[in-house]
Amino acid sequence: MEFDWTVKLKWIRATEWIEVRFGTSRAGAVDVPLYRAAGVDAHPEADWDDLRRVKEGQRSPLAALRPKSEATPVRV
């Protein structure tokens, strides 16, 4: 689930989308985002060693971070 947090934080964005079909009907088609690994590696804000140690059911350290667009403005 750490990957989901990197998407929520807007650290990475889909570079393209592909349509995947289930069965022979177009009704079973969904669009799937494709990402590049280099987009994930480019963020020094995360301690990747800590993230690798997160066990199933534990809260991600990334959950405490907010996307820059959602950050509270600093008043001077």
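Lys10 is partly exposed in this predicted model, with a relative accessible area of 42%. The residue lies in the loop that joins helix H1 (2–8) to strand E1 (16–21).

A second residue, Ser60, is found in the segment after helix H3 (48–52). Ser60 is buried, because its relative accessible area of 7% falls under the 20% cut-off. The side chain of Ser60 reaches the backbone nitrogen of Leu62 at 3.0 Å. When residues up to four places away in sequence are not counted, Ser60 touches Glu2, Trp5 and Leu51.

The two residues are set out below.

| Residue | Relative accessible area | Class |
|---|---|---|
| Lys10 | 42% | partly exposed |
| Ser60 | 7% | buried |

The protein chain as a whole gives the setting for these residues. The chain contains 3 helices and 2 strands, and from the N terminus on its elements follow the order α-β-β-α-α. The chain has 76 residues, of which 16% count as buried; Ser60 is one of the buried residues. The protein chain exposes about 6,400 Å², and carbon and sulfur atoms supply 54% of this area.

Contacts along the sequence complete the description. Among contacts in the protein chain with a separation of 6 or more, 43% are accounted for by residues 24 or more positions apart.

Methods
Residues numbered from 1 in each chain as written. Predicted model: local features only at pLDDT ≥ 70, side-chain atom pairs only at ≥ 80, totals over all residues. Heavy atoms only, no water. Helix = DSSP H or I, 4+ residues; strand = E, 2+ residues; numbered from the N terminus. Buried < 20%, exposed > 50% of the residue type's maximum accessible area, 1.4 Å probe, protein only. Contact = heavy atoms within 4.5 Å. Areas by Shrake-Rupley, 256 points an atom, 1.4 Å probe, with all protein chains shown as cover. Polar contact = N/O pair within 3.5 Å; in protein donor to acceptor, adjacent residues only side chain to side chain.
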